[in-house]
There are 2 protein chains.
Amino acid sequence: MVDEAATAVDPAAWTCPAPLVECPTIVMGHGGGGAMSAELVEHLFLPAFAAAGAGGPEDLGDAAVVTVDGARVSFTTDSYVVRPLFFPGGSIGDLAVNGTVNDLAMSGAEPRYLSTAFILEEGTELTDLGRVADALGAAARAAGVRLVTGDTKVVDAGHGDGVYVNTAGIGLVPDGVDIRPARARPGDVVLVSGEIGLHGIAVLSCREGLEFATEVRSDTAPLHGLVGAMLRTGADVHALRDPTRGGLAATLNEIARTARVGIVITERHVPVPEPVLDACSILGLDPFYIANEGKLVAMVAPRDADRVLEAMRARPLGRNAAVIGTVTAEHPGMVVARTGLGASRLVDLPVGEQLPRIC
Amino acid sequence: MVDEAATAVDPAAWTCPAPLVECPTIVMGHGGGGAMSAELVEHLFLPAFAAAGAGGPEDLGDAAVVTVDGARVSFTTDSYVVRPLFFPGGSIGDLAVNGTVNDLAMSGAEPRYLSTAFILEEGTELTDLGRVADALGAAARAAGVRLVTGDTKVVDAGHGDGVYVNTAGIGLVPDGVDIRPARARPGDVVLVSGEIGLHGIAVLSCREGLEFATEVRSDTAPLHGLVGAMLRTGADVHALRDPTRGGLAATLNEIARTARVGIVITERHVPVPEPVLDACSILGLDPFYIANEGKLVAMVAPRDADRVLEAMRARPLGRNAAVIGTVTAEHPGMVVARTGLGASRLVDLPVGEQLPRIC
């Protein structure tokens, strides 16, 4: 029996429970998936949610695995605010499906059902909304998930940006599957499923009107088929993560911090396509920090790494998969890259937002 | 095996599949929960989602009931864009929990887990966000649900409105429970759990700086405890719905259309508090169209109506419950109110938005 009446909160009573970054207001960096995002979760949301929330930062994967009537259900949510709505290789509709499908897949779940919630700005052209909805439907059909429930809200002109989409998703975690960042351990082999940096550069080039010699297209794609193939090898896959906001650097740092392990990667083993390298060198960006929407990073028991790599390469979305490093007991919580010159550099967690509104 | 590559949609190719209301752009009414909202779903979203979507408008309750590994899981989502963030009796944080809990409860489910996704506007005060998060956590604790997964995005100043919140929720539907609008049938007794119109008038009075003789406070509250008590009587509850956007009128019309039945209510049996009546007469509003956030409408087999009413009245959130009408085989799809003068009037589905951004 719960107390239905005790929800009152004194609106004037909130005080900051811990010193947030010296910043009394929300800045773009709080949405960047880096240190500022993590701080907002750790020092603002988790204390506020208290007993109703997740246990702590270590429980906060991209998806939560909960038990409902004996079934292990993976549950996740993401809002999509990318600008522009359409970009080379995809749209906000594709991201809204594939991003949530991938968060489920990174917990080892088979994605099943998605919700779609739109926040529309007054004055948005119905044709634009129709194109987004078409893309969303096509992506759901391609991924084999059903869009079973939804919501539409409209906000006044000037209080939105055309179309914002939220998708939540539920999937089934098969018996025996236990994949989460905290399970990464020293000795694990670190694999990436393909070339990095495509999504972020595609959106950026489109938004800023930049033209490169080769058009860069977003890699947005659903990864649960690839994960299924990896798991069917019988390998002990410890952790999976899709390196979206904050790129490979943010993802590796999150895993290193959550599992209290160190990670060492070899720079030249990380597949970076030529056009991404070119764009990054022109723009002064580091490809390790650029968002991906159809790639995953895996931490796999060393004895199983070869067959996982082989299974990945046998599939279109994993054909450029590569071993890029190892997990180590040294420097826990830190990610180090071995450079081509034999030196080592620290790959830090990004603080804020390198490329805002990329997803 | 799904086709992972076939997600491409020609961005230029979208054409309107059916004549939408003569309006080439989104207007506030598309978010009002009335005829324009329904048309957007029926003529834009469902055709776009096609095989990946729900079967048709009749499948679109407030929550979808799906099966995951044998478990009957209820799944729902809502975004909350209410202005202001805090109002008499509650806040966007309370709504975000209670609204989603109630959508689950209206399918007969026991609410279990919620996701929270924030779209924050650059420049929002951290103290405001903290107050919203505190309210959200308190409401979740009071409702006995856990906030297990989340997301935060930030949009540039001028492209949001402080804080938008999306919550999705999952719950367990007990064996044998089958509650949905389509099950309403002629002969059913129509009950309402208490006084209507409080939430809409509370938000409106606060937003417009109106003062009435008595302060009107939102009725935001989680209703799953009340639903549980109704079901424990063993009664055959056919349909449940919380009359939020579009009020009692929209809810009764939705049920009448979905179940292809008529509904007759007796005006003077509908409990409307004096301050709501006063406010409505000053503002020229009809209380039947005002949003509620802690009330439900039930369609119950006639032989069970008395004990359901008794069970409702025994609980704080149902103490003013009343029988307000009956379901009939006549005028299917239409809702008729008997007035105090013995006449009948049509209670139509609202077209657009009487009070925008009320939830």
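Buried means under 20% relative accessible area, exposed over 50%, and partly exposed in between (1.4 Å probe, protein chains only).

This is a predicted model: local features need pLDDT of at least 70, side-chain atom pairs count only at pLDDT 80 or more, and totals for chains, interfaces and linings use all residues. Residues are numbered from 1 along each chain as its sequence is written, chains are lettered from A and ligands numbered from 1 in the order in which they are written, and side-chain values use heavy atoms, without hydrogens and water.

Helices (H or I, at least four residues) and strands (E, at least two) are DSSP runs, numbered from the N terminus. In chain A, H7 covers residues 274–283, and its buried residues are Pro275(A), Val276(A), Ala279(A) and Cys280(A). Seen down the axis, they fall within an arc of 130 degrees, so they line one face of the helix. The arc is taken from the directions from the helix axis to the C-beta atoms. These buried residues pack against helix H4 (198–208) of chain A, where contact means heavy atoms within 4.5 Å. Glu274(A), Ser281(A) and Ile282(A) are exposed on the face turned away from the buried side. Just after H7(A), Gly284(A) has a positive phi of about 70 degrees.
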